[in-house]
Every structure is written in C-alpha cells, then in structure tokens.
Amino acid sequence: MSAKYDIIGINYAELRKPDGRIARIIESALGSAQTILNIGAVTGSYEPTDRSVIAVEPSREMIRKRSPAAAEAIQASADDLPFDDKSFDASMAILTIHHWPDKEAGLREMRRVTRGPIVLLTFDPSHRPWLTDYLPQLATLDEAQMPEMSDYERWLGKVRISPLLVPHDCTDGFLYAYWRRPSAYLDARIRSGSSSFWAIRDAEAGLSKLARDLDTGEWQQRYSELLALEDYDAGYRLVISP
C-alpha cells in the first residue's frame, strides 16, 4: 500500500514530537475509554500509554518509524477499517483527516467501530493564521483539503467543537505551531515536517518577504500583539462525537 507519508515523512519523528499540553487535552476528551483506536496514527503521537491502543496507518514508512514500545499498528485505510462493529470504547484521529481520500466514509467507519466518543483534532479552513498573509496558497490548500466544521455534524451526528489553543513553545511542529517563532518557517528542515509545505508551490517569494520583514522589524510591528501571548488560536479545533 503506497501512502503520502512514505515520501514526505523523512523527519517526522524528529520534528513532530507530541506536546504534553495537547496530549492532556486529548486524553481528557477520551474519557474513561480503555480500548482505543488511533486512525492515521503515523509514529504514534498522542496515543495514551496507560490504555489498550490499536493504531491504523496507511504508510509503511511511518509504521516502521514507530517506537518498539508503541501500540500495535495495522496497515490499513480509514475508509475500510478491518474491525467489527463497536469494537472500541473510543477512537481518535489527530491532524490526519485532511489526508483521507474519502473523509465522509472514514468518519462513518470510525463511528461504526466505536462504542463511545470519537475525538478528532483538525483545522477550521475558514481560519486565517498570519502565515497565510505571506503564503496565501496555504489558505487555498486548507480550503481544498480540510472539511468544513459543519461537515462533522452532517457525517457523525451531534458533535462538540472547541478551539485548541497552540502554546507558543509547542513541541509538535505542525503547520501553524511556530506562530510566535516566525524565523522557523525559513528553515527548510522545519518546513519538511509539515505536509502542507510539500503540497504548495512557489513558496519562495512569500518566504523571502517574511525574511525581509523579520530583518526590518516589519513583522514584529505588524504582529506585535502575538509576542505577548502564551498561546494562540491558530484555527485548530477539537471535534468530539459523544
């Protein structure tokens, strides 16, 4: 089975280290569930270590990079889960649904195999973090690949949606994690940890403008209010289907 992260996951384990504050939010959302399915699990970020977890991941490379202590991983796709109905107390999918070829089918499969809550961490494509001022193609990509917030209720039934604020020193290098560390986006190695930078074209002009604005102080002046924040609503959303 070929998968996108077989190619782009070169530095994933190194750059995408789970942030403990985000992990606690996800674990709280999972409630008392003891058997958990993690879909689009990549290298195992945010999997609880004190419960029984089975991971589903389409990328053989990501499965290979999982720690020997990580949960058992099965190579499969979200839209065709190899489990019986209501096999798990809860299921989770963290920053992955935008990669699924059939998002509705994948979420309906999650609901089929899950007795209790479904916990999703995703992104609201209507949100515009400051980086999109320099790279508007990121906003275009978000709109193309991210479900709208209304889709989750349509596909899963009743859901609770809340912002997940990103700490200024977040250890997980997802796309908008460096909101208070703008110079990080000028580092090609750091950009390689985000699938969005692999997907967009012609980023050089926007990155060059960012570099100039950092050198001149224009960025610091324009976004001065961010420098006083400890965390930031970058558009990430926790979606819970009870």
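## Briefing on a predicted protein model

The largest cavity has a volume of about 40 Å³. In this briefing a cavity is a set of points, on a 1 Å grid over the protein atoms alone, where a 1.4 Å probe fits but cannot get out. The model is predicted, so that local features need pLDDT of at least 70 and side-chain atom pairs count only at pLDDT 80 or more, while totals for chains, interfaces and linings use all residues. Residues are numbered from 1 along each chain as its sequence is written, and side-chain values use heavy atoms, with hydrogens and water left out.

**Cavity and pocket**

- The structure holds one cavity of 30 Å³ or more; a volume is the space filled by probe spheres set on the grid points, which are joined across faces, edges and corners.
- Lining residues have an atom within 4 Å of a point, and those of the largest cavity are G173, F174, L175, Y178, Y185, I190, R191, S194 and F197.
- This cavity lining divides into six nonpolar, two polar and one charged residue. Ala, Val, Leu, Ile, Met, Phe, Trp, Tyr, Cys and Pro count as nonpolar, Asp, Glu, Lys and Arg as charged, and the others, Gly among them, as polar.
- A pocket is an open set of points with protein on both sides within 12 Å along at least five of seven lines; the second largest pocket has a volume of about 230 Å³.
- Among the residues lining the second largest pocket are T43, E47, R51 and S67, and its lining comprises five nonpolar, four polar and two charged residues.

**The sheet**

- Seven strands form an open, mixed sheet in the order β3-β2-β1-β4-β5-β9-β6. The edge strands, β3 (72–74) and β6 (160–163), each pair on one side only.
- Strands (E, at least two residues) and helices (H or I, at least four) are DSSP runs numbered from the N terminus, and two strands pair if DSSP finds at least two bridges between them.
- Strand β2 (residues 52–56) pairs with β3 in the parallel sense over three bridges, and V56 stands opposite I74 in β3.

- Within helix α5, R108 and E104 lie four residues apart, about one turn of the helix, and their side chains meet in a salt bridge (3.0 Å, N to O).
- A salt bridge is a side-chain nitrogen of Lys or Arg within 4 Å of a carboxyl oxygen of Asp or Glu; by this rule the count comes to 15.
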